[in-house]
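Me: I've got a model open and want to know what lies behind the labels. Can you take me through a few of them?

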Amino acid sequence: MAAAVLLASALSMGGTAALAETPTPTPTPSATSSTTPTPTPSATTAPRPADGSPVAPAKPQEDADGLELDKERVAAGDWVVARSEGNTPGEKVQFVLYRGPIVVASFVADETGTAVAEFRIPAEIRPGDHVVEATGWDSKHVTNAAFVVVAPAGTGGAGMGWMWIVLGVLAISLIALAISYREPIGRWFSGRGASEETPS
């Protein structure tokens, strides 16, 4: 009798343990789960400005057609005339300075496709080699030319001008001083001459 009670107790405990150890199944994620990978955006070019002008590249184009400049050596602040040919007649042509890019402005090509730009070299531009490049808004035709900036802003001819002004003011001051003290100066020279002629 006692053995039967022990056997029943053992079976009861074993069944409970077995039930307690049964693993709970993990739910399968649905297709709309947040674990779905987000697509990587593809690389795109820089958006075109709202006015439709070309995006100025970081460097000038190496194989571009030639552009005509009225001078190859300029000083900061000088005016320059550039002619870009081969554009679509009537289209706008954007002119850009390098090192930069520094967008100058856009000029309309005439009936022959020639755009003429007259602009001033920025006063803050550094001396050395530079490039001016023109790009058609619609045709994307590119022309460029190299030029040299020979003097930074605030130096060169302007500095020499100030030097001559200072020298002129000093000369006028000395002349005015000599006129004001002409009598004492005359007596001094007269006295000196008399003393040199007096026998010892």
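Me: First up, which order do the strands of the open sheet have?

Reply: The order is β2-β4-β7, with antiparallel pairing. Strands here are DSSP runs of E, at least two residues, numbered from the N terminus. Mind that this is a predicted model, where local features need pLDDT of at least 70, side-chain atom pairs count only at pLDDT 80 or more, and totals for chains, interfaces and linings use all residues. Residues are numbered from 1 along each chain as its sequence is written, and side-chain values use heavy atoms, without hydrogens and water.

Me: What makes β2 and β4 a pair?

Reply: Pairing takes at least two bridges found by DSSP. Two bridges join β2 to β4 (residues 79-84), so they pair. E68 sits opposite R83 in β4.

Me: Why is the pair of F95 and F107 called edge-to-face?

Reply: Rings of Phe, Tyr and Trp (its six-membered ring) pair if their centres lie within 6.5 Å; planes under 30 degrees apart are stacked, over 60 edge-to-face, the rest tilted. Here the centres are 5.6 Å apart and the planes at 80°, so edge-to-face it is. F95 is in β5 and F107 in β6, 12 residues apart.

Me: How do you know whether F95 and F107 are buried or partly exposed?

Reply: Buried means under 20% relative accessible area, exposed over 50%, partly exposed in between (1.4 Å probe, protein chains only). F95 has 0%, so F95 is buried, while F107 has 21% and is therefore partly exposed.

Me: And why does H130 count as buried?

Reply: H130, in strand β8, has a relative accessible area of 4%, so H130 is buried.

Terms used. Helices (H or I, at least four residues) and strands (E, at least two) are DSSP runs, numbered from the N terminus.
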